[in-house]
Amino acid sequence: MQHAQTHEVDRVRAHTAPQINDRLDRELEERIRYYSTLDHAAITRRITELDHEWDIERVLETNASALAFTGIAMGILTRKKAWFMLPGVVLPFLFQHAIQGWCPPVPVLRRLGVRTRREIDQEKYALKVLRGDLDPVQSTTEPLERALAAMNAVKA
């Protein structure tokens, strides 16, 4: 049942090998544990970094459009029709990703650690819990425990 729910919410994770998802999840938890030992300023800097982190959708769209544009420009500049095959290959991959949440570059990008927007937001949410933004009533639970619980709640 969890797989079906994940598939509906995050198609990239659903089409990523489980060991890669597990590695990305472990790295996320390690970062939350690390930031739980730092001050609010360090957490705020990390949240700012996350605001600028490119998710997999943005990376794919940028790469596909750059390759398609390059193929068109080179085809026009060199007057060689072979260059027009480049956008003819790249754009169907982008379309496939839009429909299915998968295309050939996705496994490579995931192995390189490129995350989904939801994974990035999951870290931001946990860091905000650590910083105390989302906990107006003081709890007896440790901030790290609350942050990890919040992170897992966002994942579900």
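Of the 156 residues in this chain, 32% are buried. Keep in mind that this is a predicted model. On the secondary structure side, the chain has nine helices and zero strands, so its pattern along the sequence reads α-α-α-α-α-α-α-α-α. Below is a quick tour of the salt bridges, a pocket and a bit of surface.

**Salt bridges around arginine 13**
- Side chains of opposite charge can pair when their charged atoms come close.
- The whole structure holds 14 salt bridges.
- One of them joins the side chains of arginine 13 and aspartate 25, at 2.9 Å from N to O. Arginine 13 sits in helix 2 (residues 11-14) and aspartate 25 in helix 3 (residues 18-35), so this pair ties together parts 12 residues apart in sequence.
- Arginine 13 also meets the side chain of glutamate 119 in a salt bridge, here at 2.5 Å from N to O. Glutamate 119 belongs to helix 8 (residues 117-131), so this pair links parts that are 106 residues apart in sequence.
- Arginine 13 counts as buried because its relative accessibility is 13%, under the 20% cut-off. Glutamate 119 is buried too, with a relative accessible area of 3%.

**A salt-bridge network**
- Arginine 115 and glutamate 123 form a salt bridge, with their closest N and O atoms 2.8 Å apart. Both of these residues are buried.
- The pair is part of a network of salt bridges that links Arg31, Arg46, Glu49, Glu53, Arg115 and Glu123.

**The second largest pocket**
- This pocket has a volume of about 170 Å³.
- Which helices each supply at least two residues of its lining? They are helix 5 (56-78), helix 6 (85-100) and helix 7 (105-111).
- Lining residues include Leu60, Asn63, Phe93, His97, Cys103 and Leu109.
- By class, the lining has nine nonpolar and two polar residues, with no charged ones.

- Ile72, Ile76 and Phe84 make a nonpolar surface patch of about 280 Å².

**A pair of aspartates**
- Aspartate 51 is found in helix 4 (residues 40-52), and with a relative accessible area of 44% it is partly exposed.
- Aspartate 51 and aspartate 121 are 70 residues apart in sequence, yet their C-alpha atoms are 8.8 Å apart in space.

Key. Residues are numbered from 1 along each chain as its sequence is written. This is a predicted model: local features need pLDDT of at least 70, side-chain atom pairs count only at pLDDT 80 or more; totals for chains, interfaces and linings use all residues. Side-chain values use heavy atoms; hydrogens and water are left out. On a 1 Å grid over the protein atoms alone, a cavity is a set of points where a 1.4 Å probe fits but cannot get out, and a pocket is an open set with protein on both sides within 12 Å along at least five of seven lines; lining residues have an atom within 4 Å of a point. Grid points are joined across faces, edges and corners, and a volume is the space filled by probe spheres set on the points. Helices (H or I, at least four residues) and strands (E, at least two) are DSSP runs, numbered from the N terminus. Ala, Val, Leu, Ile, Met, Phe, Trp, Tyr, Cys and Pro count as nonpolar, Asp, Glu, Lys and Arg as charged, and the others, Gly among them, as polar. Patches are made of residues with over 30% relative accessible area and no salt bridge: like charges are joined within 9 Å, nonpolar side chains (Val, Leu, Ile, Met, Phe, Trp, Tyr) within 5 Å. Accessible areas come from the Shrake-Rupley method with a 1.4 Å probe; for residues, only the protein chains shown count as cover. A salt bridge is a side-chain nitrogen of Lys or Arg within 4 Å of a carboxyl oxygen of Asp or Glu. Buried means under 20% relative accessible area, exposed over 50%, partly exposed in between (1.4 Å probe, protein chains only).
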